[in-house]
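Please look through the sequence and the three-dimensional structure shown below, and keep both at hand while reading.

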Amino acid sequence: MNNMKITVKDLNLYYGDFQALKNINIDIEERKITALIGPSGCGKSTFIKTLNRMNDLIEGVKIDGNVMLDGEDIYKDVDVIKLRKRVGMVFQKPNPFPMSVYDNVAYGPRSHGVKKKSILDEIVEKSLRSAAIWDEAKDRLKKNALGFSGGQQQRLCIARALAVEPEVLLMDEPTSALDPIATGRIEELTEDLKKEYTIVIVTHSMQQAGRISDKTAFFLLGDLIEMGDTKKIFSNPDDKRTEDYITGRFG
Amino acid sequence: MKKRNLSDNFMKLFIILSSIITLGTMIWILIYVISNGIAHVSWEFLTEFQEGQIEGGIFPYIISTLYIIFITILIATPIGIFSAIYLVEYAKPGKIVRIIRFATESLAGIPSIVFGLFGLIFFVTMLGFRWSMLSGALTLSIMVLPTVVRTTEESLKAVPNIYREGSLGLGASKLRTIRKVILPSALPGILTAVILSIGRIIGETAAVFLTAGTAKALPKSIMDGGRTLSVHMYYLAKEGISMDKAYATATVLILVVIVINFIANKLASRLNKKNS
Amino acid sequence: MERVDNSNISQASLNMKKSKSTVLWEKFVEKIFFISACMAIISIATITIFIFAKGGPAMLEIGIFNFMFGTTELGGKVYLWQPGADIYHIITMILSSIYITLGAIIIGVPIGILTAVFIAEIAPKWLVKIMKPAVELLAGIPSVVYGFFGLIIIVPMIYEAYGRQLKGGGNSMLAAIIILSIMILPTIINISIAAIKAVPIEYKEGSLAMGATHIQTIFKVMIPAAKSGIFAAVILGIGRAIGETMAVILVAGNSIKFPTSISDSVRPMTAHIALEMSYASPGLHENSLFATGIVLFVFIMLLNIALNFITHKVGE
């Protein structure tokens with residue numbers, strides 16, 4: 001039995017009257033990459049946002065069920081700010097703040113009360129190295145982050161997320177706005193990051209899920225259809241619908 | 001086919017004629033006033049004055065105007081910005097927000113003379129501030145509030161949502177997100193709000209002369225009365241004592257408005273560039 | 001690949017300093033924001049209360065109907081406003097306000113809408129770059145400057161046009177209408193542009209694809225689609241015209257007689273308040289000016305409610 005980082009039990013989510021997630025049960029393993037796949041509108045993006053409560057921002061969202069992080073219910077026992085420090089997120093569209101590269105990475109630690117310059121310097125450098133963007137960033141730390149290319153911006157956003165030392169990293173279609181080369185670099189990076197972090201990634205590309213993930217979960221119309229080892233899901237799925245989707249018959 | 005072209009051309013003619021009237025009127029006013037006034041705008045005119053004399057320069061009226069601008073901005077800007085932050089970042093749609101919006105819209109529609117009447121009984125008489133810079137500024141603060149709120153709201157709404165998500169996703173608190181990410185991005189818009197308010201304060205007459213008074217004197221503290229440039233302009237026009245001074249004062253007012261509009265436009269284009 | 005190993009340096013400092021007091025501070029600041037947002041409500045409520053408290057009793061003492069629509073006949077002469085004799089009727093002021101506002105709307109609205117059409121649909125880019133700042137400048141010019149311009153240009157022109165026959169020397173309803181038409185142009189133009197620009201491009205494409213000309217598309221499809229926005233522009237224009245004070249005082253002549261032609265001297269409510277306030281003695285005279293303020297205020301609030309109704313309908 002592997003170590004479970006996140007356990008989701010009987011999770012339902014409603015936007016007003018519309019039920020977007022139906023009775024989801026998932027275990028997410030520590031230091032593995034779990035990919036969430038499925039056609040658009042299937043609930044995979046909605047689901048990943050429940051893991052660090054980003055859905056709280058949306059008007060009229062109602063959630064029931066349990067999401068346990070290391071055995072604590074994140075909707076009951078954990079302060080949302082503490083939760084988001086432990087469960088970081090990288091978004092679909094690179095969203096560096098309109099400030100310097102350094103300030104972007106230092107933003108998180110500063111938000112959590114780190115003031116000392118020497119410590120911040122160290123965190124910034126290590127985070128940028130971990131996100132494999134240090135070589136490109138080191139000479140332009142004081143420059144505006146918006147001057148970076150899309151792929152660089154996304155790696156900067158990963159560095160920014162790492163700077164608060166999360167345990168889990170959520171990635172919501174992190175390469176959908178990037179070209180193939182930048183995508184490849186992010187994929188390599190996730191491979192390295194999983195040694196230390198638990199990663200959950202939403203992707204619309206089955207090839208990507210196949211390349212990088214250990215586990216794959218297939219969503220359809222708000223239901224979790226099937227979850228298992230990526231190899232198995234892609235070669236020998238249990239459910240006919242998963243097979244149809246994987247082989248490109250719909251979606 | 002011919003008939004269609006005819007009516008098309010007819011409408012086109014009206015459209016172009018209307019545009020010429022609009023543009024022409026503006027150019028006419030500008031050129032007429034400035035060409036008659038600019039010769040009388042001298043250093044002495046701007047810096048000199050004799051106590052109680054209308055013939056002197058406009059120095060005390062410039063000072064009164066600056067006084068009122070300064071205090072009004074000091075009061076209205078924080079309230080207006082906070083209000084906009086509440087409406088955009090915190091408020092959930094519902095009754096209270098609808099009432100706030102309706103109140104803001106209504107405030108924007110109230111004639112300045114009514115603000116003047118209110119300031120007169122409330123600030124001047126009831127609170128005992130007399131005709132003073134303070135009474136004038138307090139009255140104008142209410143008057144420019146809708147401008148500040150609406151312009152700031154627009155600029156906050158223009159800040160992309162992904163910035164909010166990014167900051168909150170890092171575990172930053174809401175207040176920190178607003179302070180460090182949202183407000184800096186919205187800054188040009190907020191400055192535009194301030195500039196537009198200054199424009200309204202300079203141009204205002206009816207609300208000021210009932211609350212700050214019409215004294216031809218140099219205010220020495222915020223409790224002193226005095227007339228702003230626009231109020232002075234009104235008396236120059238009304239009494240017709242000195243046409244030269246009237247043209248010159250009107251010229252000064254127009255030039256100030258041109259500068260203000262120029263700055264507001266520059267800020268607006270910066271904001272557009274930043275968020276595109 | 002290096003792992004972010006901050007455990008030795010920053011685990012302690014990164015440990016959440018978010019204590020109860022920070023949460024309380026956030027709540028406190030939110031309350032400040034909320035109270036600031038309520039300032040608009042507080043202001044409008046206070047203004048309403050004070051204007052009504054001051055003017056209401058006077059209005060009741062004079063009689064609401066008598067004050068607004070009555071006249072006093074003494075010895076075969078009709079008196080309207082004689083504070084010395086406690087005669088207070090504002091029927092001519094109300095009529096003057098309505099007449100000059102109507103006049104300004106009749107002239108200003110078509111010109112404004114057509115200029116908006118020009119800027120939004122027809123003018124080349126370089127001309128838009130001139131027109132838009134010009135309209136903003138028009139909005140920024142202080143009303144006293146408009147009044148001054150009216151006084152030195154429009155009033156003498158009217159005097160000449162009537163063959164130097166006018167007693168008021170050209171100070172007239174017509175002068176007020178012309179100045180107000182110019183003053184409401186920026187309001188009408190800006191809001192109409194926004195309304196026209198908000199029409200979905202598909203409407204325009206659909207019309208053009210059927211072989212309609214650009215001009216036909218504008219008048220048959222786009223303006224009808226933008227009509228509630230344009231209507232809102234007209235209402236705001238009415239509000240601006242009816243509330244304008246200083247520019248009107250300088251050109252309208254300010255006579256309290258019943259206006260019978262556009263060349264007559266008139267005194268709208270705003271001008272009435274501003275003119276009399278400077279010398280009104282405390283008591284019924286002063287209070288009756290506040291009562292005039294109430295009438296003006298109610299006019300404006302009715303317009304606001306109409307506007308609120310229209311914009312809500314657009315929102316749906």
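Thr72(B) counts as buried, because its relative accessibility is 0%, and a residue is called buried when this value is under 20%. The model in which this value was computed is a predicted one. Thr72(B) belongs to helix α3 of chain B, which covers residues 59–90. If its neighbours within four places in sequence are set aside, the residues in contact with Thr72(B) are Thr77(B), Ala137(B), Leu140(B), Ser141(B), Val144(B) and Ile201(B).

## Where chain C meets chain B

How many residues of chain C are in contact with chain B? There are 76 such residues in chain C, and they touch 72 residues of chain B. The size of an interface is often given as the accessible area lost when the parts come together. For chain C and chain B this buried area is about 6800 Å², and carbon and sulfur atoms give 83% of it. Phe33(C), Leu137(C) and Phe148(C) supply 10% of the area that chain C buries against chain B, which is more than any other three residues supply.

Helix α2 of chain C, made of residues 20–62, gives the most to the side of chain C that touches chain B, namely 19 residues. On that side of chain C, the residues divide into 54 nonpolar, 17 polar and five charged. Between chain C and chain B the count of salt bridges is zero, while seven residue pairs are found in polar contact across this interface, with both residues of each pair at pLDDT 80 or more.

## Aromatic rings

Over all chains, the count comes to 23 aromatic pairs. A pair of aromatic rings is described by the distance of the centres and the angle of the planes. One of the pairs is formed by Phe10(B) and Phe14(B), whose rings lie 5.2 Å apart from centre to centre, with 85° between the planes. This pair is called edge-to-face, because that word applies to planes over 60 degrees apart.

Phe10(B) and Phe14(B) are separated by about one helical turn, because they are four residues apart in helix α1 of chain B, which covers residues 2–37. Phe10(B) counts as exposed, at 51% relative accessibility, whereas Phe14(B), at 37%, counts as partly exposed.

Some aromatic residues are gathered into a cluster that includes members of both chain B and chain C: Phe82(B), Tyr86(B), Tyr90(B), Phe33(C) and Phe34(C) form one aromatic cluster.

## Salt bridges

Side chains of opposite charge can pair when their charged atoms come close.

| Residue with nitrogen | Residue with oxygen | N to O distance |
|---|---|---|
| Arg110(A) | Asp103(A) | 3.0 Å |
| Lys157(B) | Glu153(B) | 3.8 Å |
| Arg164(C) | Glu160(C) | 2.9 Å |

In the pair from chain A, Arg110(A) is partly exposed, with a relative accessible area of 31%, and Asp103(A) is likewise counted as partly exposed, at 26%. In chain B, Lys157(B) and Glu153(B) are four residues apart in helix α6 (residues 133–157), and therefore they are separated by about one helical turn. Glu153(B) counts as buried, since its relative accessibility is 6%. In chain C, Arg164(C) is exposed, with a relative accessible area of 53%, whereas Glu160(C) counts as partly exposed, at 44%.

Salt bridges can also be linked to one another, as in chain A, where Lys5(A), Asp70(A), Glu72(A), Arg86(A) and Glu167(A) are linked in a network.

## Positive phi angles

Which residue other than glycine has a phi near 55°? Ala132(A) has this positive value, and its place is in the loop between α4 (117–130) and α5 (134–137) of chain A. Ala132(A) counts as partly exposed, at 32% relative accessibility.

Asn254(C), which is not a glycine, has a positive phi of about 65°. Asn254(C) is found in the loop between α11 (246–252) and α12 (269–277) of chain C. Although it is in a loop, Asn254(C) is buried, with a relative accessible area of 10%.

Note on methods. Residues numbered from 1 in each chain as written. Chains lettered and ligands numbered in written order. Predicted model: local features only at pLDDT ≥ 70, side-chain atom pairs only at ≥ 80, totals over all residues. Heavy atoms only, no water. Helix = DSSP H or I, 4+ residues; strand = E, 2+ residues; numbered from the N terminus. Buried < 20%, exposed > 50% of the residue type's maximum accessible area, 1.4 Å probe, protein only. Contact = heavy atoms within 4.5 Å. Buried area = accessible area lost by both parts, 1.4 Å probe. Salt bridge = Lys/Arg side-chain N within 4 Å of Asp/Glu carboxyl O. Polar contact = N/O pair within 3.5 Å; in protein donor to acceptor, adjacent residues only side chain to side chain. Nonpolar A, V, L, I, M, F, W, Y, C, P; charged D, E, K, R; others polar. Phe/Tyr/Trp six-rings, centres within 6.5 Å; stacked < 30°, edge-to-face > 60°.
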